[in-house]
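Work through the exercises below with the sequence and the model open. Each task is followed by a stepwise solution.

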Amino acid sequence: MLSMEDQAYFKAVLVGQLEDLQRKADGTVSELRQFSAQCADPIDRSALDADRSFTLRIRDRESRLIRKIKAALRRIEDGEFGECEMCGEDISLARLRARPVTTFCIRCKTKLENKERMASGF
């Protein structure tokens with residue numbers, strides 16, 4: 001069970017990450033509007049399209065991370081933050097510091113990854 005201080009620490013970390021990601025997302029909207037300007041040169045247009053596609057892929061990943069952060073913040077509010085979803089044991093502080101959005105202890109995450117590797121044939 002995490003102490004109140006640890007919970008406050010992780011909440012601050014997660015809120016900071018969330019605000020940073022949301023600022024980036026807001027900036028992307030204005031960037032994409034600028035990309036919409038017509039380019040006469042097909043090569044320039046192609047380069048612009050490639051940049052936009054790359055930016056959108058990054059923002060998609062960040063959008064998934066935003067959802068995970070919001071879920072972690074809900075777990076803090078519900079008193080479930082730091083508990084493994086699979087076995088119910090506490091997730092180590094070191095693991096939470098490395099990946100505060102995690103929902104599995106290292107033992108269960110390793111088991112899941114091994115199952116995925118075996119299922120995919122690796």
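**Exercise 1.** Determine which helix supplies the largest share of the lining of the largest pocket.

Solution. Step 1: H4 gives four residues, the largest share of this lining. Step 2: H4 spans 106-120, and helix H2 (42-78) likewise supplies at least two lining residues. Helices here are DSSP runs of H or I with at least four residues, numbered from the N terminus. Step 3: a pocket is an open set of points on a 1 Å grid over the protein atoms alone, where a 1.4 Å probe fits, with protein on both sides within 12 Å along at least five of seven lines; lining residues have an atom within 4 Å of a point.

The model is predicted: local features need pLDDT of at least 70, side-chain atom pairs count only at pLDDT 80 or more, and totals for chains, interfaces and linings use all residues. Residues are numbered from 1 along each chain as its sequence is written, and side-chain values use heavy atoms, without hydrogens and water.

**Exercise 2.** Describe the lining of the largest pocket by residue and by class.

Solution. Step 1: the lining has 13 residues, and Arg 99, Thr 102, Thr 103, Phe 104 and Lys 109 lie nearest the pocket centre.

**Exercise 3.** State the fold pattern and the buried share of the protein.

Solution. Step 1: the protein has four helices and zero strands, in the order α-α-α-α along the sequence. Step 2: of its 122 residues, 25% are buried, meaning under 20% relative accessible area with a 1.4 Å probe, protein chains only.

Methods:
Nonpolar A, V, L, I, M, F, W, Y, C, P; charged D, E, K, R; others polar. Buried < 20%, exposed > 50% of the residue type's maximum accessible area, 1.4 Å probe, protein only.
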